[in-house]
Amino acid sequence: MVTATKERPVESKTVQSNRKQNILNVKNLEIFYGEKRAVNGISLDIEKNSVTALIGPSGCGKSTFLRSINRMNDLIPGARAKGEILYEDINILSDQINVVALRKEIGMVFQKPNPFPKSIYENITHALKFAGIRKKSELDKIVEESLRKAALWEEVKDRLQKSSLSLSGGQQQRLCIARTIAMKPTVMLLDEPSSALDPISNSKVEDLIVELKKDYSIIIVTHNMQQASRISDKTAFFLSGDLIEYDLTEKIFTNPSVKKTEEYISGRFG
Amino acid sequence: MNTKTSDRIASGIFYLIALIIILILVSLFYYILVNGLKNISLNFLTAPSSNVRAGGGIRDQLFNSFYVLFITMLIAVPLGVGGGIYMAEYAKPGKVTDTIRSCVEVLASLPSIVIGMFGLLMFVNLTGWGYTILGGALALTVFNLPVIVRVSEDAIRSVPRELKEASLALGITHWHTIKTVILPSAFPTILTGIILAAGRVFGEAAALLFTAGLSTPRLDYANWNPFSQTSPLNIFRPAETLAVHIWSVNTQGLIPDVEEVSSGSAAVLVISVLIFNLLARWIGSMIHRKITATK
């Protein structure tokens, strides 16, 4: 394993209290856009090395919640959060958090593939170089490693210096996943990563996600019920900013305890 | 009238407008080049101008034009692009930012002769420099800064938000993201803005009349010491540019070949602007291709 320079957002305490294998503990999280409340005091624990799916109709607050985990909401003027998200027992919503270091630990892949308009190789090395890795041999190694993990290596190994924009949408999205993997995060946030892709690319990305959970804890927002049931271990159902139900995926999809959940997954609204 | 006819009439009108624009441009070029090219010779380009005799050239004026342009851009581009970055990336929306934006817009719409007068007060009298290249370049900076700020701001704003988020989400700082992701993507648009601004600087006369002056000292092109009075590189010497020269020979020239000199100068001016427009675009697209890895 190559050790990318990993700073903890705040000096990490020995993680012994965290025996229950949760990577994130969310407590009473409220998120506001100006006066409007988008997330109404939700609490949930995210398990380590598992896939957690966030489902719910558009505007239910699931993407807002996801974006708060690596503080991407900081970019939105007027957005603010109350409550706690504990990552290694540290509240990452605190003002004292080094957001840049946090985002190295908690990576994110977006809905629309957004590779940099640079070469495939540079897409991956961009952040590595910033993190201080300069040696060509080391960069080469990480590029190959992360492209392999993203199941893209065989398709692009002969054209690493070509523009990333010459790739298909599905390949671009896997490149985006690869560059996130290259930073060796512990958590990966996926915001509808395959909604803009064709069915074949979609299934490749899904296989990849299942594969990745060995090394990472994954939280995925999806509008695709089949996708959630295929790849996730636990599912959280959001509605109008509330967390309605959070349980094992199997339970949510076969025998949900709340009527709203059942109505939503059977397609009666949303 | 049915929709089909009105659609045809609309298309017809727009074709006509396009035709008018092309006609104006072509006839202007035809007039300038036909009148001017016959007056351009190697001697015309390399001889110093004459105050009284016929047969003077435009060597110093041509050099001055490029040199003033260079100095102006050296000051205006970093300031302007920096201002654009500030407005697009750092300025918080609110009263202060709105005020800055209105100031920039008012500055952009000031007549150049007024900026010349301001330059006379500030860069000629107040500083005690007299007529200098630096004074001229500063006046032209005042005149061009708003354009470059505006263009840079717009270019940076039009970079897709997804790219910025992608970079930040990888744990890269805001400034590094601006340097390595946002500016390269905005580069072609910023370059176009700079070229337009450069064209304005190159052809500007009014703002230079009272700042860089109407005369040029005797220049020794072998003297590369920028602090020497006879060096062409000295920025504290007066410098008449090509555009100012056209104005001055036409209004106060004593030479018998005013017509030839001014039409020749006009042609050189137009051709120079054309050449560096094309050159800048070509270099720009090369750089863009290199950083984006497209062939």
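Trainee: How many bridges join β6(A) to strand β7 of chain A?

Mentor: Good place to start, and keep in mind that this is a predicted model. Strand β7 covers residues 187-191 of chain A, and β6(A) runs parallel to it. Within this pair, V109(A) stands opposite L190(A) in β7(A). The number of bridges joining the two strands is four.

Trainee: Which strands stand at the edges of that open sheet in chain A?

Mentor: Let's read the strand order, which is β6-β7-β8-β3-β9-β10 in chain A, with mixed pairing. A strand at the edge has a single partner strand, so one side of it is left without a neighbour in the sheet.

Trainee: Is strand β9 of chain A mostly covered or mostly open?

Mentor: Look at both faces of the strand, residues 234-239. K234(A), A236(A) and F238(A) point one way, T235(A), F237(A) and L239(A) point the other way, and all are buried. With six of its six residues buried, β9(A) is mostly covered.

Trainee: In which sense do β9(A) and β10(A) pair?

Mentor: On one side, β9(A) pairs with β3 (residues 51-55) of chain A in the parallel sense over four bridges, and I55(A) stands opposite F237(A) there. With β10(A), β9(A) forms a hairpin with two residues between the strands, and S240(A) in the turn has a positive phi of about 45 degrees. F238(A) stands opposite L243(A) in β10(A). Over six bridges, the sense of this pairing is antiparallel.

Trainee: Moving to chain B, are α6(B) and α8(B) roughly parallel or roughly antiparallel?

Mentor: Helix α6 (residues 133-157) and helix α8 (residues 174-203) of chain B pack with their axes 9 Å apart, at an angle of about 155 degrees. Angles over 145 degrees count as roughly antiparallel. The two helices are therefore roughly antiparallel.

Trainee: How many residues of the contact of α6(B) with α8(B) are nonpolar?

Mentor: The contact includes L140(B), V147(B) and I148(B) of α6(B), and I182(B), A186(B) and I190(B) of α8(B). Four residues of this contact are polar and one is charged. The nonpolar count is 12.

Trainee: Which helix gives the most to the side of chain B that touches chain A?

Mentor: Across this interface, 19 residues of chain B are in contact with 27 residues of chain A. The helices α7 (161-169), α8 and α11 (258-292) of chain B each supply at least two residues of that side. The one that gives the most, with six residues, is α7(B).

Notes: Residues are numbered from 1 along each chain as its sequence is written. Chains are lettered from A and ligands numbered from 1 in the order in which they are written. This is a predicted model: local features need pLDDT of at least 70, side-chain atom pairs count only at pLDDT 80 or more; totals for chains, interfaces and linings use all residues. Axes are lines fitted to C-alpha atoms, for helices over the stretch in contact, and angles run from 0 to 180 degrees between N-to-C directions. Angles under 35 degrees count as roughly parallel, over 145 as roughly antiparallel, 65 to 115 as roughly perpendicular and the rest as oblique. Two residues are in contact if their C-beta atoms, placed from the backbone, lie within 7 Å. Ala, Val, Leu, Ile, Met, Phe, Trp, Tyr, Cys and Pro count as nonpolar, Asp, Glu, Lys and Arg as charged, and the others, Gly among them, as polar. Two strands pair if DSSP finds at least two bridges between them. A residue is buried if 20 or more other C-beta atoms lie within 10 Å of its own, exposed if 12 or fewer, and partly exposed in between; C-beta atoms are placed from the backbone.
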